[in-house]
Amino acid sequence: MNLSISLGNLWLKNPIIIASGVFSIDSAPYFPLPDIGAVITKTITPLPREGNPSPRLWETTGGLMNSIGLQNVGLKRFIDEELPRYLELSLPIIVSISGEKEDDFPQMAEKLKDKGVSGLELNLSCPNVERGGMHFGKDAEVVKRIVREVKRASSLWVMPKLTPQAPDIVETAQAGREGGADAVSLVNTFLAMALDIKTRSSRLGTLMGGLSGPAIKPIALRMVYEVAKAVRIPVVGCGGIMTAEDALEFIIAGASAVELGTVCLLNPSVPSEILKGIKEFLREEHIGDIRQLIGSLKTSNNG
Ligand SMILES: Cc1cc2nc3c(=O)[nH]c(=O)nc-3n(C[C@H](O)[C@H](O)[C@H](O)COP(=O)(O)O)c2cc1C
């Protein structure tokens, strides 16, 4: 049975990727690394960031809200101290990068280009300080420009991660492809709020946070379907995947691979269970190659 897939010229032994923000080099021993296709690092920014005030997590019905605020050690310390340890894990390492202005992305790519990483995921769900805080990923032209400049600055494999806050996520995905992206991933978290009625204030240290987990799955699935149908580069699906069945739904909708986020916080050994479930399904359905399942959705009865 073949479980390997290609995202452009990046080959993965299976379609299970750990999403940005839920894996760190110190939590690596808790994950079943041999069952994982690739790992995406937490988002790194040019300079260190302390992140947002606490509380940073709030559980909602069927979901999790976070406002971590991109806490990280900054690119220099990441390259010097963390990356060598990531590379010892002997699985593809995709580095998630972000910044405060467009130029930050190509400048970081330049510094990462010969460091042994397998590719870059561009976290575009962050405020662009040059544009009054509007998220990069909400403007298709900005997405195209950032991808193009990152490709120019490095020969690395590049995957913009789309925000569901974009007015038209298909348009942003197309802009990413026009900029030269090797794949697109979607979705990042949905901007959301939760309030404490007694104190009349946010449950989080910030007014708003990002919603993830099962609550967002049906919307993420619909977006993955629409993007995969319209864009001719591989799509990586993400959002509320908890089980093998969830992962298979994304693959059938058109995703070549899936990212697991929130579920890894509950149970880091879940990638093994999901991989096992995918294998069982392929066996039951007499499918010898997972690639046969990608985009196999039948829509003839639903228009
Ligand atoms: C605690 C936490 C931290 C996250 N940090 C990042 C991050 O640094 N960069 C990023 O691109 N996405 C980050 N995400 C978003 C996830 O990668 C993923 O896109 C989102 O949570 C939806 O998937 P899920 O429902 O499987 O969690 C974070 C999510 C959570 C729950």
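**Ligand contacts, pockets and cysteines**

In this predicted model, a side-chain N or O atom of Asn123 sits 3.2 Å from an oxygen atom of the ligand. That makes a polar contact, a term used here for a pair of N or O atoms within 3.5 Å. Lys161 brings a side-chain N or O atom to 2.8 Å from a ligand oxygen, and for Thr262 the distance is 2.6 Å. In total, 20 residues surround the ligand, with Ser20, Thr43, Gly213, Gly240 and Thr262 the closest; to count, a residue needs a heavy atom within 4 Å of the molecule.

A note on the numbers: residues are counted from 1 along each chain as its sequence is written, and side-chain values use heavy atoms, without hydrogens or water. Since the model is predicted, local features need pLDDT of at least 70 and side-chain atom pairs pLDDT 80 or more, while totals for chains, interfaces and linings use all residues.

Next come the pockets. On a 1 Å grid over the protein atoms alone, a pocket is an open set of points where a 1.4 Å probe fits, with protein on both sides within 12 Å along at least five of seven lines; lining residues have an atom within 4 Å of a point. Volume is the space filled by probe spheres set on the points, which are joined across faces, edges and corners. The largest pocket comes out at about 1,300 Å³. Its lining has 49 residues, and Asn66, Ile68, Leu70, Asn188 and Thr189 are the closest to its centre. By class, that lining has 19 nonpolar, 25 polar and five charged residues.

The second largest pocket has a volume of about 160 Å³.

What about the cysteines? The structure holds zero disulfides, a disulfide being a pair of cysteine sulfur atoms within 2.5 Å. Cys238 is in no disulfide either, with the sulfur of Cys264 the nearest at 9.8 Å. Cys126 is buried, at 4% relative accessibility, and Cys238 is buried at 8%; buried means under 20% relative accessible area (1.4 Å probe, protein chains only).

Terms used
Ala, Val, Leu, Ile, Met, Phe, Trp, Tyr, Cys and Pro count as nonpolar, Asp, Glu, Lys and Arg as charged, and the others, Gly among them, as polar. Buried means under 20% relative accessible area, exposed over 50%, partly exposed in between (1.4 Å probe, protein chains only). A polar contact is a pair of N or O atoms within 3.5 Å; within protein, one must be able to donate a hydrogen and the other to accept it, and residues adjacent in sequence count only if both atoms are side-chain atoms.
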